[in-house]
Amino acid sequence: MKKLLMITLSLLALSCSKDNEDEYKTLISEYSGGEIMTTFDISIDLFGRSPNGLSTDDFIKFSGGNSLFRRNWVAAPSSVSSLDGLGPIFNARSCGACHFKDGRATPPDSSGKLILNGLLFRLSIAGTDDHGGPLPDPNYGGQLQDAALKNTVVDGIVRNLPSEGNVRVTYKEEAGKYADGTTYSLRIPNYEFYNLEFGELQGGFMFSPRIGNQLPGLGLLENISEMDILANADVDDYNQDGISGKPNYVWDIENNKMTLGRFGWKANQPSLRQQITGAFNGDMGITSSIFPKDHTTAIQQPLYSQIPNGGEHELSDDSLESIEKYMKLLCVPSFKNHDDEDVLRGREIFDDLKCSSCHIPDFTTTDQGLEPLRNQKIHPYTDLLLHDMGDGLADNRPDFDANGNEWRTPPLWGVGHIERVNGHTFLLHDGRARNAEEAILWHGGEAQQVKENFTKLSTEDRASLLNFLSNL
Ligand SMILES: [Ca+2]
Ligand SMILES: [Ca+2]
Ligand SMILES: [Ca+2]
C-alpha cells in the first residue's frame, strides 16, 4: 500500500502544474476550518472553541452566548427574567440538551422510553403555506412538542399541563453483504405517535424525524458565497454523472424574501439567526423579534394561553446577538493524522468513489462578515445542496423546494469527533446509522452507484476510507 501511495504522490509531483500542487496541499491541509477557525483541541469540549484573537467585545458576546446556549430556561415569571418564558409546550429546556457540548444528539433507543433526546418531529399536511413552505398541521402545528410545563399555576390552580403527545421509536434489522463476503445489518426505524392530546392525526399527515446536528463551523458555511454554492448545482444533471445538486429556496422572515437555504437537514433555514430563533420558538417555547408569537395552534389556545409569558419578547435582541455570535464563531476540529499514509489513502478512495461530488471538500469564504470568517480556505465536505437519497432514507415530506426524497449533504468536518464529544457514533438525519459505515450503506438515489462501488471495495480499502472519515 505504501508503494502505491508513493507512486501517486510522485505522479502528482511530476505533473507539477501549479494547480496540482495546490490541490495536493489542500488535500493534506489539517486546517479544516481555515487558518483561524480551526481548533487542535482534542478534549471533550473540542466543539465549543472560539478562535484566538477575538476582540474583547466579541469574546464577551461569545461567552454570553455560550452560557445562554447551555442554561436551562424556566417558566415565567422568574427572578431571572432573562431566562424565563419556557413553554407552555416545548421539546427541551436548553439548546445544549439536544446539542450536548455543541455536538450531535443521541437518538432514542428501542426501549420505548418517553425520552426522545434530541430527535424532533416536523409536521405538516398536504399543500403549502403562503411562501411555499410546509403547511403546518391545523391541530399540532409544524412540530410535535413532547413536553409541557409542570406545576404551573393556571387560574389559581396548580396544574401539570399535558404535552402534545409522544412518539415511540422501534427499529427493524435488515441484513446485507459486501462483495468480500462480510455481512452487515442496517436498522430501519419505525415511529408510532401516541398520547395525542388534540385528537387523531388527519389523513394526509406527514412527519419528518430529525436529530440535532453538531454545530462547529456554521459561521463559515454561512459565509460561503451563494454563487459558489450555485456553481455546483446541476438540477437537470446536464453533465450526466447521475448527481443533480439542487438549491433549496426558503422564506427569510426578517428580509421578507425567498433566500437560499443552508441550515437544517433539508437546507430549510436561510440563516443562523432564523435557525436559532426558530429553535427557541419551536423547541423551547421562547418568543423573539423574529418569532413574536407562541408556537401553539388555535385548538390549543384555551389550554395553553393562560400561562404567563416571559416578556415581549422572551429572548431579547441583545441575547440573540450573543448567541448568534456564539454559533458563528465555533471553530472546526482539525483533520487529524492528515499526513498518515492510510488516512490519505482513504481520502483518495473518497475521491475515487466520487463521494466528493456531493461532499465537496474545498471552499473559500467571502471577504465579508466577522473578521475570523473572512477569506478562509475551508474543507467542509458539503455542497449545501439537496440530493435525492432514495426511498430508504425518504421522509416523504416536502420542505420548500426539497421533496420527500431529498436531503442536504451534511458537512463531514467534525464527524470523526462526535464520538469523543458525545460518546456515540450515530449518524444520518434521524440517527438510524450506528456509525459512518452504516451511514454510507444507507446512501441510495443519486448516490446508489457510489454506494454500490463502496460495497465492492477490498476489505483494506474500505477500512482506509473509514479511517479517513474518523479523522475528519
Ligand atoms: Ca413562552
Ligand atoms: Ca406543535
Ligand atoms: Ca450532474
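Just after helix α10, Lys 354 takes a positive phi of about 70°; helices here are DSSP runs of H or I with at least four residues, strands are E runs of at least two, and both are numbered from the N terminus. The structure is a predicted model, in which local features need pLDDT of at least 70, side-chain atom pairs count only at pLDDT 80 or more, and totals for chains, interfaces and linings use all residues. Residues are numbered from 1 along each chain as its sequence is written, while chains are lettered from A and ligands numbered from 1 in the order in which they are written.

Several α10 residues are buried, including Val 343, Leu 344, Ile 349 and Phe 350; a buried residue has 20 or more other C-beta atoms within 10 Å of its own, an exposed one 12 or fewer, and a partly exposed one falls in between, with C-beta atoms placed from the backbone.

Helix α10 (residues 341–352) also meets helix α14 (residues 459–470), their axes coming within 7 Å and crossing at roughly 100°. Axes are lines fitted to C-alpha atoms, for helices over the stretch in contact, and angles run from 0 to 180 degrees between N-to-C directions. On the α10 side the contact includes Asp 342, Arg 345 and Phe 350, and on the α14 side Asp 461, Leu 465 and Phe 468 are among the residues involved. Residues are in contact when their C-beta atoms, placed from the backbone, lie within 7 Å.

Pro 136 is partly exposed, because 17 other C-beta atoms lie within 10 Å. Beyond its neighbours within four places in sequence, Pro 136 is in contact with Leu 123, Ser 124, Gly 141 and Gly 142.

Turning to the whole, the protein holds 14 helices and 17 strands. Its radius of gyration is 23 Å, close to the 23 Å that the globule rule gives for 472 residues, so the protein is as compact as a globular protein of that length (the radius is taken over C-alpha atoms, and the rule is 2.2 Å times the number of residues to the power 0.38). Of the 472 residues, 47% count as buried.

How values were computed. Contact = placed C-beta atoms within 7 Å.
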